[in-house]
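User: Hi! I'm new to this one and would like a quick tour. Could you walk me through it?
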Amino acid sequence: MEEERGRAWVPWLVTALVAVLAGLVLYLSHRSTTRADAEAAAATAKANEADAAKQQLESKLAALEAEHTKLTTEKDQLNAEKEQLSQTVQEQEAELSRLKATYEDLQDKLKKEIAEGAIRLSQDGGRLQVDLVDKVLFDSGDASISTRGQEVLTRLGGVLSKVDDKLIQVSGHTDDSPPTQKLQATFPTNWELSVARAVNVVRFLQEKGGVPAKRMLAAGYGDTRPLGANASPQGRARNRRIELLLIPELAAKRNTAIAKAAAPSKATPVKGAPAKAAATKPAVGKKSSSGR
């Protein structure tokens, strides 16, 4: 009987052990799943953080690349401007060198008239000016070039014909005394006289001096640009003159230089074709006449 009773509780013991083992297995399995979920969540969070960091780095990289491109472009622009500036400086230095050579050549060819005070040379930056008093080129009250004037202009043309990089503006000027009644049939006012003298000088330089017509400009200013006071004979003598202005023709400034040379409001410029010269006729008061 006792053996049978002892065997009776064995199945219960086995069942209990199986139940305990099953519970243990379930517990361990649940714990493992919870840890795995936590680890998976942590891994996902880290992956998200890594992706955000990657996007941030990509944004920074794109910004740096854009900045690099901008700096490279600015560097290229600065280099181009530097080269252009260097080229401009070299051109200006070469221009000044040529202008100095022309100045010295004119001084040599016209030294007699310069010594007499009949011709004045002046240089201002890239411009060279030659002032000739009227008596060197013309007889009194006449626009035709005198024999002496032809000899002077021949020497002057010998220098100007070698200058191929400048525009030459030839302008006529008078004092404020109107032409005499004898001359008024040909030159009603000082405008006509100043223009005619400038045109005749241009034509002579072209035909006898070998200076290309396309590089010359004729203009008449009448008595509007005096150098001295017209109240004295000396001042009137200074005002009756022919001016030759040599203007540099660097390629980048050629049109501007021509426009500035031709712009004075009371001048009547005639370019290239001297025969087409014309003058604007202002009101001129009657004053005592003097020699031209």
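User: What does arginine 98 form a salt bridge with?
Analyst: Its partner is aspartate 165, and the closest N and O atoms are 2.6 Å apart. A salt bridge here is a side-chain nitrogen of Lys or Arg within 4 Å of a carboxyl oxygen of Asp or Glu. Arginine 98 lies in helix α1 and aspartate 165 in the loop between α4 (147–160) and β3 (166–173), so the pair ties together parts 67 residues apart in sequence. One note: this is a predicted model, where local features need pLDDT of at least 70 and side-chain atom pairs count only at pLDDT 80 or more, while totals for chains, interfaces and linings use all residues. Residues are numbered from 1 along each chain as its sequence is written, and side-chain values use heavy atoms, leaving out hydrogens and water.

User: Is aspartate 165 buried or exposed?
Analyst: Aspartate 165 is buried, at 14% relative accessible area. Buried means under 20%, exposed over 50% and partly exposed in between, using a 1.4 Å probe and protein chains only.

User: And how many salt bridges are there?
Analyst: The count comes to 13.

User: Which residues are linked in a network of them?
Analyst: Asp134, Asp175, Arg197 and Arg240.

User: Switching topic, where is leucine 24?
Analyst: Leucine 24 sits in helix α1, residues 2–109; helices are DSSP runs (H or I, at least four residues) and strands are too (E, at least two), numbered from the N terminus. Leucine 24 counts as partly exposed, at 44% relative accessibility.
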